[in-house]
Amino acid sequence: MNRSLLALLFVTLAAVVQCGLAAIGDRYAFERVPPSPRTCIQDGCLQGKYLDGFEGDQFEAYLGIPFAKPPLGKLRFKNPVQNDPWTGDYDATWERSRCLQKNDLRPLQTIQGGEDCLYLNVFRPKNITTPLPVIFNIHGGGYAYGASSIGEFGPERFMDTKKIILVVPQYRLGVFGFLSTEDRVAPGNFGMKDQAMALKWTRDNIGFLGGNPNLITLIGESVGGSSVQFHMMSPLSKGLFARAVSMSGSALSNWNYNVDHLALARRQAEVVGVKNPKSMTTEQLVDELRKVDALELAKSIDILKFFYVHPITLYHPTIERYVDQETFMSEDPRDLWAAGKYSPVPYTVGFLPNEGAYASAIILTNRSLLNDLNEHSSDYIPRLVGANHPTSVQMIKNRFFPDGSNERWLTENNLLSEGIIIHGIVLSVKQIISSKNSQKAPLSVYFFNFKGPYSRSYYNSYTYGDFGVCHADDLMYIFRASDFFPDFEPQSPAWHMAKVFVDYFVTIAYNGYGFRTAGPLCTAESCQLLEFTNSADEQKPVDLNLINGFDEDQFAFWYNVNALQSY
């Protein structure tokens with residue numbers, strides 16, 4: 001073959017290949033991945049990612065954004081320190097470690113997470129044209145476990161509305177977040193101060209992400225709900241949010257006040273092998289605890305419990321006996337709330353019928369635990385609800401266990417639902433109503449009584465027993481929980497309830513209460529609760545009903561029980 005013919009062959013072949021590649025490129029042009037979202041905030045620029053919503057549209061996710069320095073080494077048992085700015089683009093496409101924890105509420109759990117965990121996730125709709133209200137969600141978990149994970153707090157339902165920006169932070173837990181020596185050495189409340197710093201970060205940065213810093217709604221479930229109420233009273237959080245929602249949690253519940261913090265710190269040191277902790281100064285004590293391996297500290301929690309996982313909130317917020325610019329709470333929150341000393345923002349509270357199942361399901365389905373509890377009925381059961389006075393112990397026995405002997409009490413009842421969760425919520429509402437605070441803001445109450453296809457009780461008992469509508473069952477209707485449950489079938493009653501419940505929260509974020517008009521609200525004249533429930537009408541997927549007031553006999557009983565306690 002001569003050279004000219006060979007050259008012509010190569011030119012022809014090259015042209016064919018080029019045309020072929022062009023055709024392939026045109027054929028697959030619709031599959032090209034759009035550029036990842038990028039935005040800049042005060043600390044630097046963020047490279048995020050797109051995620052799919054339920055209804056087809058994508059939204060932007062910025063994951064694992066640092067809002068404080070890693071609380072390692074000398075920063076363990078210290079107030080959070082603001083994070084330093086960075087250069088270049090920060091990779092916000094993946095979630096960082098959850099805070100170090102052991103979720104004893106679920107059987108056979110291991111240590112998870114790490115100390116370097118002060119990060120938050122931000123989700124926003126695409127193509128924002130005007131600043132959107134912000135929902136800032138504080139996770140629950142007994143101040144001991146939980147995370148901002150998309151697998152539990154999936155943003156898809158909120159993002160499908162295209163009306164909200166969602167922020168989900170993490171905060172230190174257990175001994176790392178709440179150890180206190182009741183002085184300036186380790187003042188405590190580190191987890192609460194982490195939340196406050198994340199909230200301040202949101203106020204300062206959310207405008208760069210398309211949010212309205214003047215319309216931040218603080219929401220939380222369980223101890224997240226208690227945390228919301230604490231922030232309403234804390235000087236660190238004043239002015240950082242415009243609405244508040246406490247779901248199944250109250251700062252007035254007795255499990256926020258069940259421990260001598262300094263004594264617990266010395267016991268903690270003892271169980272991890274520190275020598276003579278009772279004779280140490282608080283400086284020496286904290287210095288020794290900083291030397292202990294983090295995993296050893298985390299797993300030692302089991303040794304400090306009196307029965308199974310109880311008290312669930314062994315470590316919890318404390319009162320700091322001095323005042324400076326970093327003090328989270330220097331007065332008893334129960335006194336502050338009763339006196340009306342809290343931020344006058346629109347406030348919504350909610351609860352479910354069988355709140356106590358999160359703690360009782362595993363006991364009632366485990367013969368060994370059930371026998372142990374029954375063997376120690378007169379000691380353990382009053383302690384579960386914070387009763388420490390002989391009269392109150394007998395009151396509980398008479399009301400809930402009249403058929404049990406003085407030694408073996410146990411029968412099925414609503415003890416934990418009433419004593420641990422509901423009473424604190426009702427007390428909070430009643431004290432707002434009776435407060436002489438002239439700056440009263442709208443107050444709303446909801447009662448979530450919708451029975452769907454899934455329940456958190458399965459994950460606390462590993463059985464399919466029917467425990468009714470349980471603690472945290474309402475969360476799955478505003479957050480996708482893909483780590484726990486399948487998605488709801490489209491057009492099913494649960495699917496419709498999710499639409500309704502998300503709309504309720506979006507409306508709160510916009511106008512401060514969960515109705516498009518001003519009612520129903522709790523006032524001195526009347527208090528109507530909005531009930532979300534199943535519909536008996538086959539033509540209606542869900543029902544919304546109004547309930548007048550609370551169970552006054554139940555409230556009076558627990559008010560009298562708690563009045564006898566010493567804290």
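Which residue stands opposite L132 in β9? In this predicted model, the residue opposite L132 in β9 is G211.

**View 1. The whole chain.** The chain holds 17 helices and 14 strands. Helices (H or I, at least four residues) and strands (E, at least two) are DSSP runs, numbered from the N terminus. Of the 567 residues, 56% count as buried; buried means under 20% relative accessible area, exposed over 50%, and partly exposed in between (1.4 Å probe, protein chains only). The accessible surface is about 24500 Å², and 52% of that surface belongs to carbon and sulfur atoms. Accessible areas come from the Shrake-Rupley method with a 1.4 Å probe; for residues, only the protein chains shown count as cover. Among contacts (heavy atoms within 4.5 Å) with a separation of 6 or more, 74% join residues 24 or more positions apart.

**View 2. The open sheet of eleven strands.** The order is β3-β4-β6-β8-β7-β9-β10-β11-β12-β13-β14, and the pairing is mixed. Two strands pair if DSSP finds at least two bridges between them. Neighbouring strands are turned by 25° against each other on average, direction ignored. Axes are lines fitted to C-alpha atoms, for helices over the stretch in contact, and angles run from 0 to 180 degrees between N-to-C directions.

**View 3. Strands β7 and β9, with helix α4.** β7 (residues 132-138) and β9 (residues 211-221) pair in the parallel sense over six bridges. L132 stands opposite G211 of β9. Helix α4 (residues 190-205) packs on the sheet and touches β4 (58-66), β6 (119-125), β7, β8 (165-169) and β9. The direction of α4 makes about 165° with that of β7. Helix α14 also packs on the sheet, touching β11 (347-351) and β12 (443-449). The direction of α14 makes about 150° with that of β11.

**View 4. Helices α14 and α17.** Two packed helices are described by the angle between their axes and the distance between the axes. For α14 (residues 415-434) and α17 (residues 552-563), the angle is about 95° and the axes are 10 Å apart. The two are therefore roughly perpendicular. Angles under 35 degrees count as roughly parallel, over 145 as roughly antiparallel, 65 to 115 as roughly perpendicular and the rest as oblique. From α14, the contact residues include L415, I422 and K430; from α17, they include F555, W558 and Y559. By class, the contact has seven nonpolar, four polar and three charged residues. Ala, Val, Leu, Ile, Met, Phe, Trp, Tyr, Cys and Pro count as nonpolar, Asp, Glu, Lys and Arg as charged, and the others, Gly among them, as polar.

**View 5. Two loop residues with positive phi.** Most residues other than glycine have a negative phi. Y143, in the loop between β7 and α2 (156-161), has a positive phi near 60°. Y143 is buried, at 0% relative accessible area. S248 has a positive phi of about 55° and lies in the loop between β10 (243-247) and α6 (261-271). S248 is buried too, at 0% relative accessibility.

**View 6. The loop residue N83.** N83 lies in the loop between β4 and β5 (89-91). N83 is buried, with a relative accessible area of 13%. Beyond its neighbours within four places in sequence, N83 contacts D43, P66, F67, A68 and K69.

**Notes.** Residues are numbered from 1 along each chain as its sequence is written, and side-chain values use heavy atoms, with hydrogens and water left out. In this predicted model, local features need pLDDT of at least 70 and side-chain atom pairs count only at pLDDT 80 or more, while totals for chains, interfaces and linings use all residues.
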